[in-house]
Amino acid sequence: MDVKALTFDTGGTILDWHTGFKQAIERVVTANNFGGDDKDGSVEKDWGAMANELRRRSLKRMVNLGQHETPNVNFDDVHKLTLDEILRENGLERITEEERRDIWWKAVHNFKCWHDFPEVLPKLRERYICASFTILSFRIIIDTARANGLSWDAVISCEGIGKYKTLPESYAAAAKYLQLDPSEILMVACHNFDLDAAKRAGFKTAFVRRPHEWGPAGPPDPHPNANHDIVVDTFPELAERLLG
């Protein structure tokens, strides 16, 4: 395939947000003895469902942000806002600001990446520019790269563009920053909505399945659309397809 750069969606495709959120929420709520001696009605919380709802609402707020006006928040701000909503709706208001930060900041900035990615990235970088192209904040990508030992050639966050995926301006800006024609870039993601928008912007597309992204519930859109250039189950398989 005649491409010069790979741009990777990072939240979900690279980072296991579900486990990170689930464990952090459970740890903080359990430490507060909710459902214990207080008998406050918050027994048997579904931590995985809470994690998914936090992700779902946050994503809805971020996708296409900047379409009508300049954004005044980034993904960290939205994580905080959405977490506050979910805790309130679940009767967990007494969790302190410091404990909340353990979820929306500390856990997020230390999300683990999927086990099949770290060894593949250096191999891909030998031939291609490899960039994180994401709606996550710059700081999330910086911190998770350090936490997971990842070395990106570039970090392109929509935070800096001011137009968030799936707006066409975001993909055009990424190509401009890389000084490449969109057709010379392969967008790599596990989400059809991202890849379809990239395809419309002229990118080539690779769908990498991440069946555990949403935990046992499974991803809401697990089946790749037929127009993607590459469809694989794992990152080693992607490397095999690209490197031979």
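These legends accompany several views of a predicted model. In this model, local features need pLDDT of at least 70, side-chain atom pairs count only at pLDDT 80 or more, and totals for chains, interfaces and linings use all residues. Residues are numbered from 1 along each chain as its sequence is written, and side-chain values use heavy atoms, with hydrogens and water left out.

View 1. Helices (H or I, at least four residues) and strands (E, at least two) are DSSP runs, numbered from the N terminus. The C-alpha trace spans about 65 × 40 × 30 Å along its principal axes. Of contacts (heavy atoms within 4.5 Å) between residues at least 6 apart in sequence, 68% join residues at least 24 apart.

**View 2. The largest nonpolar core, with 75 residues.** Such a core is a set of buried Ala, Val, Leu, Ile, Met, Phe, Trp, Tyr and Cys residues joined through side-chain atoms within 4.5 Å. Buried means under 20% relative accessible area, exposed over 50%, partly exposed in between (1.4 Å probe, protein chains only). Buried residues make up 52% of the chain's 244. Leu6, Phe8, Ile14, Trp152, Phe235 and Leu238 have the most contacts inside the core. Beyond its neighbours within four places in sequence, Leu6 touches Leu124, Tyr128, Ile129, Cys130, Ala131, Leu186 and Leu242.

**View 3. Helix H8 (residues 168–178) and its cover.** Ser170, Tyr171, Ala173, Ala174, Ala175 and Leu178 are buried in H8. Their cover includes strands E1 (5–8), E2 (129–134), E3 (154–157) and E4 (185–189). Helices H7 (158–161) and H9 (192–200) also contribute. Gln179 follows H8, with a positive phi near 55°.

**View 4. Asp9 in the loop between E1 and helix H1 (17–31).** Asp9 counts as buried because its relative accessibility is 7%. Leaving aside neighbours within four places in sequence, Asp9 contacts Ile14, Phe133, Lys165, Met187, Val188, Ala189, His191 and Asp194. Asn74 lies 65 residues from Asp9 along the chain, and their C-alpha atoms are separated by 16 Å.
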